[in-house]
Amino acid sequence: MHPSWRTAQPILWSVLGTLVCLAVWLVLFPVDRPSGVVKFDPAPRRWLTELPLANALVQVDGTPSADAVLVVGDSRASAAISLRWMERDLERPAAVVWYGFGQYDLLFQAVETLPPRTLLVCLTPAALYTPPLPRMQVLLDRERSKTWMMRLDDQLDGAVDVTRQQWLRPIDPSYYKSWTQLDAIEPERQVGVYIDLLAQHKSERLAGYQRLQANLARLQERGYRIACVRLPVMSKLEGVEDREFDPRLWREMCGKLGVPYLDSFGTGDRYKTSDGSHLVGGDAELYTIELVKWLGEGNL
Amino acid sequence: MRFDSVTFLALFLIAWAVWRLLPMRSAKAGTLLLSLVFYGWWRWEYLLLIAFSAGIDYYSANRIEASTDARVRWRWLLLSLVSNLGLLGFFKYTPLVVRTVLGLSATVEPEPSWLATWVVPVGISFYTFQTLSYTIDVYRGTLKPCRSFLDFVLFVSFFPQLVAGPILRASELIPQLDTRRELTWLRVQMGLYRVIAGLFLKVVVADGLAQMVERIYKPAQALTASSLDAWLATICFGAQIYADFAGYSGIAIGLALLMGLNFPENFRYPYIAASLSEFWKRWHISLSQWLRDYLYIPLGGNRKGTLRTYANLSITMLLGGLWHGASWNFLVWGGIHGVGLAVEKMLGLDGRNKVGAWPLGSLSQLPMRLIRIAIVYALVHTAWVYFRAADFATANALVSTMWLAPWGWGREGLSQASVLLATPQLLFLLPVVALHLGQATHEWWAVKKTVHLRVALCIAYLVLLCLIDRGEGSPFLYFQF
């Protein structure tokens, strides 16, 4: 290769120009500013595929180290809690273990394979019992069928992407607003979904409640520190949940176990949701700040 | 292995060092080994198929060359044709045949479970065509067979073009493997530019548009879509597939440049075409040239009368459609292009524009040329519906909505209009337009003189690659062919 300065110049100018533009971007849009409509929460992600009796693909986001707070729940937990804000305010690592329509039985299997000993359990009746969803099994099967090379690719690409986002805030994805509005289930329909869902399998749900209580007690005995929370949803949905599953049972369970319990129902639609059930990004951060304050008061 | 992955970056750096720094023979062996790693990374079993295809063609070509008996030569060619097309046919068309037979049977037969997990080996359509062209060229006497098996397997499996083209001819690549070309800064500069532009097209443009397309092309959505929804999604798909495939080709060409090799161009601003025949001189050029040289001309081309010419065009495009995939949708897609080309020929509207010249012509020709561009654009995009839709019914519903439904937004009315205004994904169409005009300008002005434009574009591409939230991403569309 001839070291000709003239023909090498465009490469150098391109690199230099890019660095200058990125530096300007970094100054104008620092990484730690709040989220827009979509939550900005760059965190490492991995899948748990080898859990015994798994019928869904369980996801772990964040840093589940031994000193971390581990949030346990379904998609509602993943949407409502900002790990970025939790880590910042708690000054310790945070992670969430979850999957869509997450069931406590499987989630606690996952919890026991992870190092954290501090749990924040997000309580919702749907997670006590919802019949297995075939599409969740499909996701699990798809992940299991990957070769180790494919998984390595996923891991490396994911790690690079998260690092990029942690260093350099990407263009605010608020333009997704139009998509989230159009693609999300409308709140009224979501309420209908929950009415149908919770009207069925009440006895299984009560059995699930007993198992949840037993699981929490067992983990407590093994030295886990636990807190429970009911995440905010649209007020119409609160009515449906409370009608179909007695909310006093949550308080009763936490009282019996002696674990702190925060009930975020009754906030009067203070936090915006995309579909009545899942908080949108900026409001998830506001909620997380309040939640962390409460966790701090309880010395969790 | 995907070009936009970390493992590929690592593999390429090793391959570059092996190719540029080792003695020639070791460099070839090392590059071959790395190409096989590249291809077998996700499924090593597929390597057996490449080995089979390459082995048959290498041996057949040598036997053809060694014989002067026309019948013997023909038999060896036949062996190569049957083996390669048999391999391609078995893997690509078994599901279509089984489903069609099941569909035709009087009783309702359940679909066999193995059909659901049937996988077409990545890139099989590309490398079988590549090896076939080699044997046919040797049979025709236009190419001397390759004496080194190592060189031949490297030609077949050379990683930048292995899984999605461009479809190279042996005469284009094998001679380049004999001597290591000097790597100048200009070559490095151009190579990096092509790779970065290709990544930008794939990651920013194609993946960005994919969401818009997917939303309307879901079978349930497609049935209720309005005419403007359908047009918008289809235009986005036209841009997506262009950005995706031209992006891949650009990366392949750039990687080759960085290694000191030249690959032919695969795209030349195709949506500026003013006729379908011009479109095929600009779109997936290596495939259309392959189809012309190894299918259309052997069928008789335009030498056997007018009707036969129309039939040959239609057959070539129908088979070209089937090459893309085993479904009736691809057949219809090819059929639309075939019939369109025949009609164009009938009306004398084909091939008047020299590709490479300033595509918009002189000022006096401009209005008529713009009208023709619009007609070709609409026709090509109507055909894209069959290419993209999940099934025939969805495609038909969308096409009838596009052409027959009253002009307007769907039931979501204003919210759809707000999507149009508030969705920067649509702005991602602009780079596609810019790229078309940019390429045209580059060719017109000669690319070496536009270095400042290249630097500016490169900075914009790199910055956007760093700043766009990529999300999940998706494999290159042409990997499935």
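**Helix packing and domains in a predicted model**

The buried residues of H3(A) are covered by elements that include strand S2 (58-62), strand S3 (69-73), strand S4 (94-98) and helix H12 (281-297) of chain A. This is a predicted model, in which local features need pLDDT of at least 70, side-chain atom pairs count only at pLDDT 80 or more, and totals for chains, interfaces and linings use all residues. Residues are numbered from 1 along each chain as its sequence is written, while chains are lettered from A and ligands numbered from 1 in the order in which they are written.

Stay with H3(A). The helix covers residues 83-90 of chain A, and its buried residues are A:Leu83, A:Arg84, A:Trp85, A:Met86 and A:Glu87. Buried means that 20 or more other C-beta atoms, placed from the backbone, lie within 10 Å of the residue's own. Just after H3(A), A:Glu91 takes a positive phi of about 55°.

Now the whole of chain A. It has 12 helices and 7 strands. Both are DSSP runs numbered from the N terminus: helices are H or I with at least four residues, strands are E with at least two. Of its 300 residues, 37% count as buried. The C-alpha trace spans about 80 × 40 × 40 Å along its principal axes. Take the contacts between residues at least 6 apart in sequence: 82% join residues at least 24 apart. A contact requires C-beta atoms, placed from the backbone, within 7 Å.

H3(B) (residues 46-66) and H4(B) (residues 70-104) pack at about 165°, with axes 8 Å apart. The axes are lines fitted to C-alpha atoms over the stretch in contact, and angles run from 0 to 180 degrees between N-to-C directions. H3(B) is therefore roughly antiparallel to H4(B), a term for angles over 145 degrees. The crossing is left-handed: the near helix is turned anticlockwise from the far one by less than a right angle. From H3(B), the residues in contact include B:Phe52 and B:Ile56; from H4(B), they include B:Trp76 and B:Leu87. The residues of this contact divide into 8 nonpolar, 5 polar and 3 charged. Ala, Val, Leu, Ile, Met, Phe, Trp, Tyr, Cys and Pro count as nonpolar, Asp, Glu, Lys and Arg as charged, and the others, Gly among them, as polar.

Chain B is also divided into domain 1 (6-103 + 119-180) and domain 2 (208-274 + 353-480). These bounds come from an automatic or database domain assignment. Across the boundary, 14 residues of domain 1 are in contact with 16 residues of domain 2. On the domain 1 side, helix H1 (residues 6-21) of chain B gives the most, with 3 residues. That side divides into 9 nonpolar, 3 polar and 2 charged residues.

Definitions and conventions: A residue is buried if 20 or more other C-beta atoms lie within 10 Å of its own, exposed if 12 or fewer, and partly exposed in between; C-beta atoms are placed from the backbone. Two residues are in contact if their C-beta atoms, placed from the backbone, lie within 7 Å. Angles under 35 degrees count as roughly parallel, over 145 as roughly antiparallel, 65 to 115 as roughly perpendicular and the rest as oblique.
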